[in-house]
Amino acid sequence: MRKINKTILVALLIISATACRNYVEDVPLQGVRTLTNTSDYRLLINKDVEPLYTWPILSGNDVYFSDTTFQVAYNSSNAYYVPMYTWKNVFFDSETSDQNWDTPYAKIYIFNTVVDGVMSSKKGSDSEKSKIMSEALVHRAFSYWALVNMYAKQYDASTASTDLGVPMLLKPDMQASLARATVKTVYDQIIFDLKLAIPNLPPLPEYNLYPSKAAAYALLARTYLFTRNFTAAQNYADSALAIQSTLVNYSSYINGSVITYPRSIKNPEIILSKTQIGGFSVLQINPEIIDLLGTQDLRYQLFTRDGSQFWPTFKGRGFYGEQLYTTYTDYNNVGLTVPEMYLIKAECLARDNHPVEAVSLVNKIRQNRLLPADYVDLSASTMEDALNIVIDERKREFFGRGFRWFDQRRLNKDAQFAQTVTRVFNKVTYTLTPNSNLYTYPIGQKYIIFNPEIVPNP
Amino acid sequence: MNNRLTLSSLSKLRLLSLDRPSFTKLKRFKQPIVFAIVLLQFGFVLPAFAQNLSRKISFELNNQSLNVGLDKLAKVSGLRVSYLTSDISKYNNITIEKGTRTAEETLKLLLSNTTLSFIVKDKSILVVEKAAPKTTPDNRQRNVVSGIITDSENNPLIGVTIRVKGENKGVISNSKGEFQIEAQDGAVLALSFIGFVPKEVPVNGQKDIRVSLADDFTMLGEVSVVSTGYQTIPKERATGSFSTLSSSDLSKTPTINLVDRIEGQVAGVKVTNTGALQIRGKNSYSTKIESDPLVVIDGFPYLPIGGENVLESLNPDDIEQITFLKDAAAASIWGAKAANGVVVITTKKGSKYNNTSVNFSTALTTSGGPKLNYLKQMTTAQYIDLEKDMVEKGFIAEPTNIYNSGLGNVSQAETILFQYKHGTITSAQRDAALAQLATINNTSQIQDNLLQKATTQQYNLSLSGGNETNTYYVSGNYYTDQPIYKGNINRGYSIMMNNTTNLFNKRLTVTSGLNFNSTNDQSNSSAMTAIGNTNMGLRPYDVLVDANGNSSQYYIRSTSSVLKNYESLGYLPWTYSPVDELNYSNTKTNTNNARLNLALNGKVNDWLNLEVSGMAERKFGETVLYNELESYTTRNMINNATSIDPVKKTLVYGMPLGGYLNSTYANGRSYSLRGQFNINKMFNNIHRLSMIGGAEIRETYAKSWGQARYGYSSDTGTDQAYNPTAYYTTITGGLSQIGYNSAPLVETTERFLSYYSNASYSLKDKYILSGSARFDDYNLLGVSRRKRAIPLWSTGAKWNLYNEDFMKKISWVDQLALRLTYGFNGNAPRNLTNVSLITISSSASTDTGRSSATIDTPANPDLGWEKTRVVNYAVDFSLFKRRLSGSAELYFKHTTDIITSMPINATYGFSTFYYNTGTMQSNGVDLNISGLPISGKDWSWTSSFNFSYNTNMISDSRFSNITASTAMGSSTPYNGYPIDYLFVYRWAGLDNTGLSQVYNKDNQIVSSKTAVTDIKDLKYAGRRTAPYFGGFTNAVRYKSFELSALITYSFGNVFLLPSIDNYLAAKTFTGFIGKQEDLASRWRKAGDELTTNVPGLVGGNYQGTSVNRYKYSDLLVRDGSYIRLRQIALSYNLPSKMLVGTIFRNVSISGVVRNLGLLWAANKDGLDPEYLSASTTINTLPPSPTYTLKLSVSL
């Protein structure tokens, strides 16, 4: 009997001993996936990394709703967009989220998670880990680039270190302070991240959804352009072009009435694909841009349609973006492209008083945008003329994609381009003077209520 | 001196080492509980068997009572000693010096200074009064009288005490129920036995007496032992809130589903309309925790895998007892999963005192036909009138092509109306055609072709028996169940084997159990779809079969002319017939579940035993949907994926031409392993300590996956390969892809590690203190052990007032006890962790071919359990010789750390975040009263009533800001209101344009054109679940007949009258127009607003708001209270004399009628509030009455 007692006691002891804490800590297959392996992080940055912004597309003066009937209809069906179009200093009430704020920050949480964790993940080579981290850094830099150019003043070297930028979260932390970093800090971080990323990125990506060396150079070029460091901007534009410089002659996309403009992912001119957040069904292009473009320009034929083909209909020409060409739901590309690099380089050359070289780069683009029969070389002899040609070409190349708004902001610092913009909407005239506070978007009241350390914009 | 052995004197009787076989009959008798308590109270204390009286024992007694002395003697010698407490209670202060004597000598010493003597009979000793000294010579002749004692069913009763009245001699009946006693001719024999009505039998010169004892029904319904799953506790020593149901309670309801058998029987236990059990209401509003009670079967939790309903998969006939653990003291031993209460199920075991007993029962149930006229619908003419209105006002667009799939299903009436619009028919032709349609009513065709009488068959066979060393219970069960909708059938069977073996002179007990069950269900949605309001629904004039008996065919995707055109091009037939579809698109579900228990219990000494037990379980289930090529779903799917080659003009199929087979599989395993010690010790006869403690581990693993096959044919069992990402051209010229439709492979593992202990101390059985503690650890990823593993504890006290001396004087109180408990239960979060969780998309990007993932739950470093604090006050009573008994409980539950999704600054990347932050208060009352107004040999009447009240309230000021639209959605917590609140608009009638109007908070009338956003503009209508509910059971027995009725009731909730649905709620309407009667009284012209409240068909921007405000207005709020006659049963037991000479021991026949309908309902709209689904689906039919005939025999 004692033997049995002992046996049972021993059995009990064994159970107690095995039932240690490891039993509940090292549990395989819990039905939930956590970020454990390097491949998990790879999966994370394969997803929805493209959406970047929307409101600047409405705010820029390349878009203009001239038709009064349209204005009434638009005001009732798309009232959501009106504050951005009319440069209000409040976009949303205290309950409503600002999509252009939420979306980049939601992506930043993902990128921060990757940057924070990928290097200590399992089952991946160091080079793969570094590559994933570098991709996340480029994406994060791009998100901050968009945020700081919407919700903070344009970069001015004299005030950048005191101008308020945006909250800068660099770790996935739900408790961090949301106090706004200065514009300079944000720009410095963008540049720092991009430079950190470059060595570990491939020169060209497998798909233009993924960052590459070319993309990091291109974004550096754009960032330096916006800080008015034209030398650096030109250098990085060169670096990007050294890797990717393909321009496609648009005539090859038009075969009679059949249009074969490629999807973003297959578009050889795109260095890094980013898209607007959601899509518009209708955008009227400012008649001034249409005039500038001329009807022979293939961009007119590809990217504009008569207002009768939209709903609500209007008189004029509307922007007909990528999404309308195919059965795919592509959103308009707002990412980095080869023509942008040429134009950055051209602008820097112009500003450095190399008008001929600058205009020759513009002509290089134009040769691919017009049929040979319609093409005429442009030329400039002065810095101002050259700069005008470059900026006009930017208007032609990038209309309907929000670039114009960002250009307006930064070019306000050039007396040559600073001009007052007005628009009439539902019989009210709105005016935007150069360097107006209205060039800086309001930060949603909702976010300020949650975290009062976020100082609102004036 | 009262020698009658009544129940109330039970506690005075100490049967030491009672001859165990005496309880044989109790097993089949109606009181298994009595059996259990006797076993429990006496079984383990003095287990040894009779020894020779001459065995030498060492014995001493130091100034103690005879009672103690006899107990000690029995313990030391292993002898069985019986006595009446009343005989020996006067002998105290007995001292016997330590010495080694024979048992007989010791016994004689003990009795030396008393008037007692002892009788040795059948290895047991009966201590009795010595015969009174004869003062006068007895002239009457003394004979040896022998006899046999049986129960009313002619089974021998063993262990009955037989005494000669007026004398102090007595014997006990033997294992055949026989006895012999010396008695005079004129003497009277007094017979007594626990659980039976005592009886006095005059000898009258008989030599051979045959006596049958009647069941003592006072003990019916009286539960004496409760089980926590870890231990069984005598009810009189339990401090916690336990409610029990016995197998006899369960057997009264002949349903297949256990949950139906529980309904209305236990206070505080509610059966929700989804068939789930809810114990004492809700504790949490979190979506991240379990809301069902934990189910424990034979000591181990039964963890559902893949959302199965645990209780539905059990064979109710295998259940011996169900104990509901309701408060913290009862449930906290289960720790982390006990917050919603625990349902402890004990299965039947064999009896060691029995030869093999065979029980067979069968039940056949059929139902009345479903009553379609319950659904208040328009007449056909009214329906056509509504359609005409809709078409003429231009709210319905005619599908003239295939492009807009949303437009489909133009009805017969609409077709006629459109023909008139196109000018192909004249108005006279139109009116004639509509008038012709209006004469049709398809109700009887639906009854005949799509519905049927529900039938159910159940068969149960069980064998049980055993001997001293081994007992067994084996059962098999088979059922088929055919619901009212044709094409549906459920079948299942189960096998259970329970075995107990005693080894090494009962030092070691091995208990094992094996259970296997399997279900096979087939479901077909054709009938429900036809009655429903989707595009495939039937209009009132849509017949199912034509005059020749052929099934009617309808075009649904577009108009018939459009679709016939495609058919002529070679597309598959595009017609739909509900009758034909009964043969296709069946979903077959098969589940299998095997479970094995094994426990070793070793006795260390008479107060300590150790137990090692384990459970292993495997499950396998599959669900297969097969849409044959002939099925409408497949034909429609393939046609939509078929295009015409522009050059060759041939059909190009985008999908393999054949059937579609989608199977999903769920696989699981679970095991538990436990080591436990049990202490049961009595000190000095006044202190009793009962304690358990142990450790256990538990793992549940589940895996699910699926496979979609195209071009499948069951004839050949083959399917066709396809490329899920290849684009094909659809019928409309668009591009589409088949995609990945196989369910992804998902594996989950849950592990628990627990240490637990429960102890109770009782002083003189009057004052009882209990406490339990449990430390639970659970695999919460990344959560620190401090947060993850929590101690949960409870404590309780009980005062058995009736054991106090001052209560003894109050003769009408049999039992009175007060209880108070306090403690914590936990609830573990699900799918939440302290590290970020990602979801991998089920399909790769078609652009890059790469998979991707998203973070769906961001890391929360501060995540932990939800905790519910429970205080329970209770009183238990039994009065008037147990004629009236019951209990009343009052409880307060406070849940904290409810995992709540709180809004956060989206700048962090997420706009909501889960915190342990919410609180909630939930209080209630449970009341049980049982009465026995009549109790006699021929007549008895038992009655039991239970009442439950449960309320809850969210008390968290952060939930104060709620908008009108959020409150209408009614799932968001709102401070100061219960979680199931209903807010409605305050109806202000229609305006003269047919649009709804409501009052705002300032009592101003607001039109549909004005937004209502403030919660103050709404009215709080009440709770959607009933706070008051319960049941009332009455049973009347006359001889072998018993008639019982169960009434259930529910009070205090509100519901919204389903008034109009599938009605114009936007600018245009597509699909199926509703059939509800109220639609006929819609507003049509100015002035109608004075007589109707149903919004008109006005179109425009505000139609939707108008309809919505009407549907959710106080105008339609109804009181949901009702009283229902749930069941009436009549049973008949064949009298035992009829069975003499047959192989049958017992035969009973019963007839049960269920779902007899409402006795009373607060709403005067003829609606059954219990069978309104939460959504506005109007087509919920209350169950039809069912009729069951049940036969059970035992051999």
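This is a predicted model: local features need pLDDT of at least 70, side-chain atom pairs count only at pLDDT 80 or more; totals for chains, interfaces and linings use all residues.
In chain B, the secondary structure amounts to 21 helices and 61 strands, and 55% of the 1195 residues are counted as buried. The accessible surface of this chain is about 48800 Å², with carbon and sulfur atoms accounting for 54% of that area. When contacts in chain B between residues at least 6 apart in sequence are considered, 71% of them link residues at least 24 apart.

Within chain B, B:Ser613 lies in strand 31, which covers residues 608-627. This serine has a relative accessibility of 6% and therefore counts as buried, the cut-off being under 20%. Beyond the neighbours within four places in sequence, B:Ser613 contacts B:Phe300, B:Leu598 and B:Ala599, together with B:Ser672, B:Leu673 and B:Arg674.

In chain A, helix 9 comprises 15 residues (183-197) and spans 21 Å from its first C-alpha to its last, close to the 21 Å expected at 1.5 Å a residue. The buried residues of this helix include A:Val183, A:Val186, A:Tyr187, A:Ile190, A:Ile191, A:Leu194 and A:Ala197, and also A:Gln189 and A:Asp193. Among the elements that cover these buried residues are helix 8 (126-151) and helix 10 (213-226), as well as strand 3 (164-167) and strand 4 (180-182), of chain A.

Helix 17 of chain A (residues 403-411) has nine of its nine residues buried, so this helix is largely enclosed by the rest of the structure.

Technical notes: Residues are numbered from 1 along each chain as its sequence is written. Chains are lettered from A and ligands numbered from 1 in the order in which they are written. Side-chain values use heavy atoms; hydrogens and water are left out. Helices (H or I, at least four residues) and strands (E, at least two) are DSSP runs, numbered from the N terminus. Buried means under 20% relative accessible area, exposed over 50%, partly exposed in between (1.4 Å probe, protein chains only). Contact means heavy atoms within 4.5 Å. Accessible areas come from the Shrake-Rupley method with a 1.4 Å probe; for residues, only the protein chains shown count as cover. The expected span of a helix is 1.5 Å times one less than its number of residues.
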